[in-house]
Amino acid sequence: MSTIHEFLSIAEFTSIVFKNTKVEVSDAVVKRVEASFNFLKEFSENKVIYGVNTGFGPMAQYRIKDEDRLQLQYNLIRSHSSGTGKPLSPVCVKSAILARLNTLSLGNSGVHPSVIYLMQEFINRDITPLIFEHGGVGASGDLVQLAHLALTLIGEGEVFYKGERRATKEVFELEGLQPINVEIREGLALMNGTSVMTGIGIVNVYNAKKVLDWAIKLSCAINEIVKAYDDHLSAELNNTKQHFGQQEVAKRMRENLADSTLVRKREDHLYTGENTEEVFKEKVQEYYSLRCVPQILGPVLDTIQNVAEVLENEINSANDNPIVDVENQHVYHGGNFHGDYISLEMDKLKLVVTKLTMLAERQLNYLLNSKLNEILPPFVNLGTLGFNFGMQGVQFTATSTTAECQTLSSSMYIHSIPNNNDNQDIVSMGTNAAVITGKVIENAFEVLAIELITIVQAIDALNYKNDISSVTRKMYDEVREIVPEFKQDMIMYPYVQKVKEYLMI
């Protein structure tokens, strides 16, 4: 059980989302939310408060009659439930609900406590609102996507429940749940915020960490296959650059290769003083895709950590408008719903994951091109050359998927399009950025799956399975449970998919 209280760490957040840890709102949070609600109810009686007794956006200049205030909230939710495209994955929706629950728990939004309780129940009972990928521009927050969340909280719309897409009303009856109480500004408070882009962003970071870990392991295996010299991984070399990521990647690679009998010491070969050749048969230095892994994956590691920090700050921030300040007895109007922080971080994340994918594609090409590696048959073909094809076909998939990542990495952060009668004249496109980043990360898993199958084939081609490090051997054995050694051509797509699933576990 994880308790929502003062601060929710990324570790606690991911435990709830990915490990199905139950969530419980603390008594302190309930008191804070109640105090915010009660203060706003009294404070707004004789004042003009945006979204309480005014219209929304450019319609804020119109006063709303007292008797129409509650209907105003329903009108907002229903009219903005207008998303299109594919439904977001259940894990992304769960993450978005948790992000919204946490920010509303800060007591800066003036919502009725029933909002907090019902979102808690959605998480704990695996009720997944139908939320679409397309809709929000990320400026007044994830307006459209969060409208779909709000729609289910008022008992309307659709949810996914026990594997089925069903009417929310039906699921409420089955689970004995009641819709939230709409009392003041519950519609606006649910919809004004960055919780969908942030929720997806946290899922992206979680998966990006996995991608990086596998990229490091695969890079180690390739260095073993070619019997590379190990000084490019040394602490002495990498510590001469003052970047944590580079130093950490090099350290992990040294640890992974500690018991390998294949990587070599330069002093045992090129530094003996016995080399008298005019033209050296063996490479003095490896290609960059093998030798510069710490310098290439180091920025990936640093960026993932920096993105995680921004996301953690965001889920613990009030990203609503207006902001209810009980302590100072005031309501502040501003733009905390703007998603530029998240949009920029998602752009950064997809850039570095694309670079990681490009590295994997180049490593794959190195293994498949016998003229480059000079130790393996073309396309790591263990069958008959000319008659069989080895890994030739899947290289096309890896190359095209990498190219898609490169195209998708175009910035969303700078793709602002004014809308909403120019009220929203500069927007973040943060939700789009987060969704596209998720696609880039999934693509990376696909390319790494193809590279990993190629690596285990290469290990068998060279009969190295008893010489590789224990880390590489474990990886080899697990993949061989999925993909047997093959010489004859076989249908590859089911194996690529299974290895991709193995990497994503």
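What is the area buried between domain 1 and domain 2, and what percentage of it do carbon and sulfur atoms give? In this predicted model, the area buried between the two domains is about 2,300 Å², and carbon and sulfur atoms give 64% of that area. The size of an interface is often given as the accessible area lost when the parts come together.

**Domains**

The domain assignment divides the chain into domain 1 (2–192) and domain 2 (202–273 + 280–316 + 332–504). Taken over C-alpha atoms, the centres of domain 1 and domain 2 are 38 Å apart. Domain 1 brings 31 residues to the contact, and domain 2 brings 25 residues. On the domain 1 side, the residues that lose the most area to domain 2 are Ile10, Val137 and Ala139, which together account for 26% of what that side buries.

**Pockets**

Rolling a probe the size of a water molecule over the atoms shows where empty space is left.

| Pocket | Volume | Lining residues by class |
|---|---|---|
| Largest pocket | about 630 Å³ | 14 nonpolar, six polar, four charged |
| Second largest pocket | about 490 Å³ | 12 nonpolar, 16 polar, one charged |

The largest pocket has a volume of about 630 Å³. It is lined by 24 residues, and Glu133, Val435, Gly438, Lys439 and Glu442 are the closest to its centre. Two or more lining residues come from each of strand 3 (84–87), helix 4 (90–104), strand 5 (132–134), helix 9 (195–225) and helix 17 (430–461). Helix 17 gives the most to this lining, with nine residues. Because domain 1 and domain 2 both give residues to the lining, the largest pocket lies between them.

The second largest pocket holds about 490 Å³ of space. Of its 29 lining residues, Ser140, Leu143, Asn420, Asn423 and Gln424 are the closest to the centre. Helix 3 (69–80) and helix 6 (143–153) each supply at least two residues of this lining. Domain 1 and domain 2 each provide at least three residues to the lining of the second largest pocket.

**Valine 310**

Valine 310 belongs to helix 13 (residues 293–315). Is valine 310 buried or exposed? Valine 310 is buried, because its relative accessible area of 17% falls under the 20% limit. Leaving aside residues up to four places away in sequence, valine 310 touches Tyr341, Ile342 and Glu345. Asparagine 463 lies 153 residues from valine 310 along the chain, and the C-alpha atoms of the two are separated by 46 Å.

Conventions
Residues are numbered from 1 along each chain as its sequence is written. This is a predicted model: local features need pLDDT of at least 70, side-chain atom pairs count only at pLDDT 80 or more; totals for chains, interfaces and linings use all residues. Side-chain values use heavy atoms; hydrogens and water are left out. Helices (H or I, at least four residues) and strands (E, at least two) are DSSP runs, numbered from the N terminus. Buried means under 20% relative accessible area, exposed over 50%, partly exposed in between (1.4 Å probe, protein chains only). Contact means heavy atoms within 4.5 Å. On a 1 Å grid over the protein atoms alone, a cavity is a set of points where a 1.4 Å probe fits but cannot get out, and a pocket is an open set with protein on both sides within 12 Å along at least five of seven lines; lining residues have an atom within 4 Å of a point. Grid points are joined across faces, edges and corners, and a volume is the space filled by probe spheres set on the points. Ala, Val, Leu, Ile, Met, Phe, Trp, Tyr, Cys and Pro count as nonpolar, Asp, Glu, Lys and Arg as charged, and the others, Gly among them, as polar. Domain bounds come from an automatic or database domain assignment. Buried area is the accessible area (1.4 Å probe) that two parts lose on being put together, summed over both.
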